[in-house]
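The report that follows is meant to be read beside the sequence and the coordinates. Please keep both at hand while reading.

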Amino acid sequence: MSPALFLFRKREWIYFAILAFILAVVFPTVFDNFRLNLIGKYLTYAFVALGLVLCWGYGGILSLGQGIFFGLGGYCMAMFLKLESSTPEATAIQSTPGIPDFMDWNQLTSLPFWWEPFHSFTFTLFAIIAVPVALAFIISVAMFKRRVGGVYFAIITQAIAAILTILIIGQQGYTGGVNGITDLRTLLGWDIRSDNARYVFYFTCVALLLGSLILAQLVRVSKFGRLLIAMRDKEDRVRFSGYDVANFKIFIFCLAAAFSAIGGAMFTLQVGFMSPSFVGIVPSIEMVIFCAVGGRLSIFGAIYGALLVNAAKSTLSESFPELWLFAMGGLFIAVVMVFPEGVAGLFRQHIEPLVIRGLSIFRIGKVRKPRPAAE
Amino acid sequence: MIGDYTYTEFTSILAMQGFSGLTLFSVFVLMALGLAIIFGQMGVINMAHGEFMILGAYMTYLCSHFFSEYLPSLFSIYFFFAMILAFAASFLLGMLVEWGLIRFLYRRPLDTLLATWGVSLILQQVYRSVFGAREVGVTLPDWLMGSIALTDIIEIPINGLFVMGLTFLITIGVYLAMFRSKWGKSMRAVVQNRTMAGAVGINTKMVDRLTFGLGCGIAGIAGSAFTMIGSTGPTAGQLYIVDTFLIVVFGGAGSLIGTIASAFTISQAQSTIEFFLSGSMAKVLTLLTVVGILMLRPQGLFTLKIRR
């Protein structure tokens with residue numbers, strides 16, 4: 001098998017092509033600019049779900065704090081955009097022109113020092129990845145080096161998500177408080193709210209997502225991916241074989257954090273604001289359900305899961321707001337009790353065999369048994 | 001003189017903050033006790049714990065209305081009936097959830113977390129549909145209102161004292177149930193060695209169901225006590241779930257004393273810092289410290305010395 005084919009199996013290349021076709025061709029032609037922007041927003045959650053597939057599905061590390069990294073990535077981007085739109089000319093009516101409006105409302109007279117570097121776009125791009133990954137590194141080193149995992153890790157990450165939300169809401173003068181950082185206008189002088197910009201952001205988001213998908217697949221098929229599965233199932237045996245289990249866990253958690261952060265930054269660009277309501281406990285645990293619905297072992301499933309759940313959320317909570325929580329609650333119970341492998345599992349069990357049988361009609365005598373899945 | 005305050009004023013403020021910390025402590029202990037049983041003993045992550053608590057609070061609310069409408073003569077003691085009702089309702093719902101959901105998931109703790117989160121969302125929506133989205137409060141009988149003036153400045157609210165007394169009694173009750181009763185013995189046996197416990201004739205499934213129900217029932221009583229010092233809304237349970245879990249983990253899962261000690265530490269720290277900084281910063285600092293300590297000492301403050 002050639003190296004290019006080795007990355008995905010043949011069938012997976014087809015799925016990848018189908019996904020890329022749907023995202024890059026079907027959605028932009030079928031939906032208008034407004035709907036496409038909405039889908040772009042859903043896709044930013046797909047980054048988080050993709051990270052969770054690696055971290056939770058393969059690594060067995062359930063993080064209930066992906067909102068932290070999503071939020072940090074988003075806030076970094078929002079800080080840059082806010083500074084750009086808060087020129088002294090645009091904010092001339094404030095008592096201190098040149099600082100973001102919410103700072104002025106909270107009687108701040110100068111820009112806090114840690115906002116200063118966000119004048120630079122290069123630094124911002126760097127910070128979007130570096131800040132969340134640094135935090136993820138600290139958390140995971142502290143936990144995994146002491147062999148804390150499973151439930152305790154989930155609770156601690158959840159607590160950190162709660163702390164970060166309280167902090168952001170409490171420090172209104174520095175963070176914009178509960179409203180978040182709003183009224184973002186331009187990126188390097190280019191109006192981010194125009195139709196044109198929305199198209200560009202959508203395609204950037206799709207390209208980044210497909211890139212992340214390939215990276216995730218690279219991790220999955222590598223030796224490291226196999227170790228992850230081994231670690232998830234029998235951690236002690238991997239440790240006894242001479243591997244430092246903690247380092248692998250730290251890496252995969254940081255990678256998941258980086259994916260989430262990219263998603264967060266793209267979210268800010270497409271939605272035009274960032275607020276603590278995307279950081280806390282509830283959004284973080286909802287991100288887990290995107291991954292679980294898609295299938296916690298399928299990197300393709302994660303993307304479909306994020307799209308499906310978010311689309312359902314938008315339609316249901318618009319037309320029947322009281323039904324939405326029931327549906328969401330039922331979904332949580334169903335993915336645990338009825339279909340633990342999510343949509344991807346259902347597809348693999350029921351639809352894939354049908355497709356293969358259907359295709360095999362065209363090549364009589366070459367009926368192959370479906371290869372058992374790699375997981 | 002300390003800052004802008006005289007010495008007496010300062011000690012009085014400290015005493016008042018300490019007392020409000022004690023009230024917070026009582027609520028924390030009540031909530032954490034149920035969780036310490038469910039999480040500490042059974043290893044089940046019950047994210048719906050807050051909602052069981054709110055169920056108790058709503059039962060108390062219903063009770064207070066019922067008594068003021070139909071039995072005004074007994075209104076002054078309605079609270080005791082309310083607590084029994086709150087316990088019964090949460091206990092039964094807990095048993096139902098265990099039977100329908102939890103018993104399939106004992107080997108998958110992370111999945112219980114997700115499933116019970118689903119339960120909590122559904123319960124929240126049920127409360128919202130039945131009782132409305134607005135927060136509700138109960139009318140306290142006369143003898144629970146007002147406060148005792150110790151000095152000119154220090155005033156101790158009676159409902160706070162009552163909640164504290166209640167917490168004390170329930171803690172004793174839980175201790176006796178866990179360490180002095182037949183059920184407690186069976187429960188501890190099942191936790192330590194399920195197969196062996198089954199072999200000596202303990203009905204492990206029934207013990208599981210009772211344990212889960214009891215934990216939820218205590219949450220119901222906590223909710224009942226909660227109505228005396230605050231109002232109740234459909235999402236109030238979610239606000240406390242993280243604190244409660246941190247308390248149990250910080251105390252060392254499986255240790256009753258640890259849970260109480262950590263509830264005391266966290267509540268006192270929070271209410272003391274609250275005086276010097278804003279409420280949100282107090283919470284951030286306290287939780288950060290707890291998370292920091294847990295990172296250094298993941299097993300919590302108190303650990304059972306048993307071989308796993």
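How many helices and strands make up the secondary structure of chain B? Chain B comes to 11 helices and two strands, where helices (H or I, at least four residues) and strands (E, at least two) are DSSP runs numbered from the N terminus. This is a predicted model, in which local features need pLDDT of at least 70 and side-chain atom pairs count only at pLDDT 80 or more, while totals for chains, interfaces and linings use all residues. Residues are numbered from 1 along each chain as its sequence is written, and chains are lettered from A and ligands numbered from 1 in the order in which they are written.

Read from the N terminus, the elements of chain B follow the order α-α-α-α-β-β-α-α-α-α-α-α-α. The table gathers some overall values for this chain.

| Property of chain B | Value |
|---|---|
| Span of the C-alpha trace along its principal axes | about 65 × 55 × 35 Å |
| Share of the 308 residues that count as buried | 48% |

A residue is buried if 20 or more other C-beta atoms, placed from the backbone, lie within 10 Å of its own, exposed if 12 or fewer do, and partly exposed in between. B:F168, placed in helix α5 (residues 158-180) of chain B, has 12 C-beta neighbours inside 10 Å and therefore counts as exposed.

Chain B also meets chain A, in a contact that takes 35 residues from chain A and 33 residues from chain B; two residues are in contact if their C-beta atoms, placed from the backbone, lie within 7 Å. On the side of chain A that touches chain B, the elements giving two or more residues are α6 (121-144), α7 (150-170), α13 and α15 of chain A, and α7(A) gives the most, with 15 residues.

Two of these elements also pack on each other: the axes of helix α13 (residues 281-294) and helix α15 (residues 321-337) of chain A come within 10 Å and cross at roughly 45°, the axes being lines fitted to C-alpha atoms over the stretch in contact, with angles from 0 to 180 degrees between N-to-C directions. α13(A) and α15(A) are therefore oblique to each other, since angles under 35 degrees count as roughly parallel, over 145 as roughly antiparallel, 65 to 115 as roughly perpendicular and the rest as oblique. In their contact, A:I289, A:A292 and A:V293 in α13(A) meet A:L331, A:F332 and A:V335 in α15(A).
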